[in-house]
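Here is a brief report for a reader meeting this structure for the first time. Look over the sequence and the model, then read on.

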Amino acid sequence: MDVLSQAIVVMRSGAPRSFEVECHAPWGRRYPAVAGAGFHVILQGSAWLIPRDGEPRTLGLGDVVLLPHGTPHGMADRPDTPLREMDHDEPAEPVGSYRVTIGPDGPGTSAPPTAMLCGSYVLDRSRTHPLVADLPEVVHIPARLGRHPELRAAVDLLAAELQAVRTGSGVAVTALLDLMLVQILRAWYDERPDSGWGAALADPAVSTALRLIHTHPERPWTVAGLAAEVGLSRAAFARRFRELVAWAPLNYLTWWRMVLAARMLRDSHAPLATIARRVGYTSEFAFANAFKREHGIAPGRYRADHRSAPPAVAAAAT
């Protein structure tokens, strides 16, 4: 897998949830923090996002908002509309794919309703990839004619699936939610090719090195070896990698190996020696020491404390 795909896969710890909501003005809702990432897509009308910090943001038709750190926030028809807590029929963490209507909080107006897609992704914060950790609290992708057609297509398909339950909708909605998350992150980083992880993913040498580390963590990589693979001198490669990723190449390699090892320990019954080989250690002892330095706990104890799935899951994941 590529870096973005694996960053998402290792953090995911549950199925995404979504629902469609129709809001009749005046309306305002306070969304509490979620254990993952939340999102809103404006399908009709407009709305205001009231972030935890900073000024309210106006959202128009087609705008997409991702809250990658699950921070609390508000949504309303106007920035000065009071925010109510979620009603019993408006769960803070959506429990399925369905539709709900929010009536006016007070005398209604003749303004057309706002329709939104809302939902959440369950993410394990103990395995947050820096590509996600570096995102701001609010990722806003405004609708622009001709921009990010793949994201717009995913939103349209998802909205169609939520409007009517049909055969296979459960699988389709989950897949489309996954696709939408990928497209949101792509759009965000594609528009920022000169800074942070956008620059790292856009840089031919660094992105190739990242892909090699992610695709073949078992190989005995060295800085010189990675530099040769991408056609740079050792010093030039090390400098560029650190500038764009904010990690030294081998520090990033070790961290990624330990993330993969933790996942295998949690999701499989593979022997420690097998896991060690899969993440680049010929010695089980060396692997155990590296794992304890990263996670503060021995691999066997980590496995006992974090068991979460049968072997079949890990077989598919690894």
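## What covers helix α1

The buried residues of α1 are covered by elements that include β10 (114–122), α2 (130–133), α4 (169–190), α5 (196–202), α6 (204–215) and α9. The model is predicted. Seven of the nine residues of α1 are buried, so the helix is mostly covered. The buried residues are Val3, Leu4, Gln6, Ala7, Ile8, Val10 and Met11.

The N-terminal end of α1 has a cap. Aspartate 2 provides it: one of its side-chain oxygens lies 3.1 Å from the backbone nitrogen of leucine 4.

## Glutamine 6

Glutamine 6 sits in α1, which spans residues 3–11. Its relative accessibility is 13%, so glutamine 6 counts as buried. The cut-off for buried is under 20%.

The side chain of glutamine 6 has a polar partner. At 2.9 Å, it makes a polar contact with the side chain of histidine 214. Proline 149 is 143 residues away from glutamine 6 in sequence. In space, their C-alpha atoms are 23 Å apart.

## How α1 meets α9

Helix α9 covers residues 249–267. It packs with α1 at an angle of about 45 degrees, and the two axes are 11 Å apart. That angle makes α1 oblique to α9. The crossing of α1 past α9 is left-handed.

Which residues of α1 and α9 meet? From α1 come Val3, Gln6, Val9 and Val10. From α9 come Tyr252, Trp256, Val259, Leu260 and Arg263. By class, this contact of α1 with α9 has seven nonpolar residues, one polar and one charged.

## How α9 meets α12

Helix α12 spans residues 299–306. Its axis comes within 8 Å of the axis of α9, and the two cross at roughly 55 degrees. At that angle, α9 is oblique to α12. This crossing is right-handed.

On the α9 side, the contact is made by Ala262, Met264, Leu265 and Arg266. On the α12 side, Pro299, Tyr302, Arg303 and His306 take part. By class, the contact of α9 with α12 has five nonpolar, one polar and two charged residues.

## Histidine 40

Histidine 40 belongs to strand β3, residues 36–44. Is histidine 40 buried or exposed? Its relative accessibility is 2%, so histidine 40 counts as buried.

The side chains of histidine 40 and histidine 73 are joined by a polar contact of 2.8 Å. Leaving aside neighbours within four places in sequence, histidine 40 is in contact with Tyr31, Asp63, Val64, Val65, Leu67, His73, Met75, Leu117 and Cys118.

Between alanine 25 and proline 26 the bond is cis, with omega near -5 degrees. Proline 26 lies in the loop between β1 (17–23) and β2 (28–31).

Next come two residues with positive phi. Histidine 148 is not a glycine, yet its phi is near 55 degrees. Histidine 148 is in the loop between β11 (139–141) and α3 (149–163). With a relative accessible area of 12%, histidine 148 is buried. Alanine 246 is not a glycine either, and its phi is positive at about 70 degrees. Alanine 246 lies in the loop between α8 (234–245) and α9. Its relative accessible area is 61%, so alanine 246 is exposed.

Conventions. Residues numbered from 1 in each chain as written. Predicted model: local features only at pLDDT ≥ 70, side-chain atom pairs only at ≥ 80, totals over all residues. Heavy atoms only, no water. Helix = DSSP H or I, 4+ residues; strand = E, 2+ residues; numbered from the N terminus. Buried < 20%, exposed > 50% of the residue type's maximum accessible area, 1.4 Å probe, protein only. Polar contact = N/O pair within 3.5 Å; in protein donor to acceptor, adjacent residues only side chain to side chain. Axes fitted to C-alpha atoms, helices over the stretch in contact; angles between N-to-C directions. Parallel < 35°, antiparallel > 145°, perpendicular 65-115°, else oblique. Left-handed = near helix turned anticlockwise from the far one by under 90°. Contact = heavy atoms within 4.5 Å. Nonpolar A, V, L, I, M, F, W, Y, C, P; charged D, E, K, R; others polar.
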